[in-house]
Amino acid sequence: MKTPVIAVVDVGKTNKKVFLFDRQYKLVWERSEQLTEAVDEEGDPCEDLEKLIGWALAAVQDVLAMPEFDVQALNFTTYGASFVYVDKDGKPVGCLTNYLKPYPEELRDQFYNQYGPSDQLSVATASPALDSLNSGLQLYRLKHERPDLYERVAYALHLPQYMSYLITNQPVAEMTSIGCHTMLWDFQRADYHNWVKQEQLDGRLSVLAPSNSVNTVSIGGKSLKVGVGLHDSSSALIPYLASFRESFILISTGTWCISMNPFNTDPLTAEELQYDCLCYLTYKGQPVKAARLFAGNEHEQQTRRLASHFNVPESHYKRVAYDAALIDQLQHAQLAETEGDDSWLGMTPPATIPPFTQSAFVRRDLAIYPDYETAYHQLMLDLMAQQLISTALVIPGDLVGPITRIFVDGGFSHNSIYMNLLASAFPDVDIWAASVAQATSLGAALAIHEHWNSGPIPDDLIDLTYYPAPQAD
């Protein structure tokens with residue numbers, strides 16, 4: 001007997017994946033592939049759209065043909081901030097612009113001179129000014145630099161919606177993509193920003209469809225419920241929103257540590273934007289206040305530095321266990337140096353937020369530490385001092401109720417020093433290390449649960465490990 005499943009196509013910058021989940025949302029099959037990049041019209045690296053289309057269509061055909069599975073639904077999740085331009089015949093126009101592509105200074109100045117200043121526009125659209133990472137500026141650039149190409153565009157589809165369009169032939173816009181630092185959406189008015197309408201770009205952005213909606217298509221005589229696609233950051237939050245009703249913060253850790261609070265409905269302020277805050281939108285259209293910290297990247301750089309200084313492998317930090325007595329010793333030594341100012345400890349947010357592009361550890365002399373373990377504990381203390389500030393930025397203004405839990409997923413959720421220091425930094429909040437198999441793809445599956453699965457959403461989607469706050473002496 002065939003197993004009923006939902007298929008999810010997950011397009012990352014590096015890995016292109018397809019997953020099958022059963023009705024209990026257990027992962028039952030997966031495939032991953034890397035595609036080589038192409039270059040755009042100006043020679044800059046970009047996604048090879050032709051290869052991506054070929055891979056995606058073949059992947060869908062392959063899973064539909066598998067004799068052991070009955071694929072009943074399909075959804076997509078991809079990286080954001082990227083448009084695919086489609087002509088009236090449904091064919092791609094131009095290249096899939098890389099969101100890291102340099103933006104022309106002259107055009108940037110022209111845009112903000114007409115529609116800015118940039119800080120006000122950023123506040124209204126909950127989008128830090130990030131050039132090509134603001135996908136709205138990609139479309140603005142196409143209109144002003146390549147008007148001949150722009151005239152051929154019938155629809156500008158964010159990549160998740162384009163992947164769905166390949167199967168359904170239905171062009172739509174969707175909130176998790178539109179609301180992802182695109183500079184397109186006015187969060188206060190819940191509509192496209194006035195600059196979008198003045199430039200008449202909204203006519204190419206398709207009709208907004210609910211993020212949990214589906215189109216029914218027939219492929220080879222088989223009926224399939226197909227979702228409209230989701231932006232990956234918002235999709236990864238869905239398993240937590242499906243599992244927990246009380247207020248929580250999710251710290252998603254990797255290269256970036258992103259603190260997300262789906263229960264903070266306060267508009268972003270100019271100051272918060274300066275400290276790398278932004279807003280996402282959930283698949284239900286609710287704002288998610290988020291703060292980014294480049295802590296994973298710094299951890300990688302500094303563990304290389306430590307490995308070189310102490311002549312150990314770069315992975316040596318994985319063997320270092322949390323030592324409460326060593327933490328106490330380092331804290332008291334630093335407290336003496338700072339004459340009683342304990343804001344660095346990761347215990348109390350300072351009254352004035354300092355810049356935190358790098359932690360204090362970058363400037364520390366490794367020669368003062370007797371061994372790797374001591375130096376690594378100091379690194380984690382310095383990173384946690386920043387993490388406290390970053391996470392605290394999304395806590396104020398919580399209108400639903402006090403935050404009672406913080407979940408940590410990703411790399412740092414396996415780091416006992418990070419997790420214990422976080423428990424110390426937030427002693428009144430329950431701290432949990434969380435593990436979800438393929439959270440981004442699982443979120444895309446859960447978003448259209450009601451359209452293919454008559455059973456309840458299981459309550460064991462997330463594996464949790466509790467880290468209690470240390471008891472005062």
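On a 1 Å grid over the protein atoms alone, a cavity is a set of points where a 1.4 Å probe fits but cannot get out, and a residue counts as lining when it has an atom within 4 Å of a point. The model is predicted: local features need pLDDT of at least 70, side-chain atom pairs count only at pLDDT 80 or more, and totals for chains, interfaces and linings use all residues. Residues are numbered from 1 along each chain as its sequence is written, and side-chain values use heavy atoms, with hydrogens and water left out.

A volume here is the space filled by probe spheres set on the points, which are joined across faces, edges and corners. Around the largest cavity stand Phe83, Ala156, Leu157, His158, Gln161, Val172, Ala173, Ile178 and Leu205. Strands S9 (155-158) and S10 (172-174) each contribute at least two residues to this lining, and S9 gives the largest share, three residues. Strands (E, at least two residues) and helices (H or I, at least four) are DSSP runs numbered from the N terminus.

A pocket, in turn, is an open set of points with protein on both sides within 12 Å along at least five of seven lines. The largest pocket has 38 lining residues, and Tyr79, Asp232, Ser233, Ile258 and Thr440 lie nearest its centre. Among the elements that give two or more residues to this lining are helix H9 (232-243), strand S18 (257-261) and helix H15 (439-447).

The table sets out both spaces. Its classes count Ala, Val, Leu, Ile, Met, Phe, Trp, Tyr, Cys and Pro as nonpolar, Asp, Glu, Lys and Arg as charged, and the others, Gly among them, as polar.

| Space | Volume | Lining by class |
|---|---|---|
| Largest cavity | about 30 Å³ | seven nonpolar, two polar, no charged residues |
| Largest pocket | about 1100 Å³ | 14 nonpolar, 18 polar, six charged residues |

The protein chain as a whole comprises 16 helices and 23 strands. Its C-alpha trace spans about 70 × 60 × 45 Å along the principal axes. The radius of gyration of the chain is 23 Å, in agreement with the value near 23 Å for a compact globule of 473 residues; this radius is taken over C-alpha atoms, and the globule rule is 2.2 Å times the number of residues to the power 0.38. Buried residues (under 20% relative accessible area, 1.4 Å probe, protein chains only) make up 55% of the 473 residues.

How values were computed. Buried means under 20% relative accessible area, exposed over 50%, partly exposed in between (1.4 Å probe, protein chains only).
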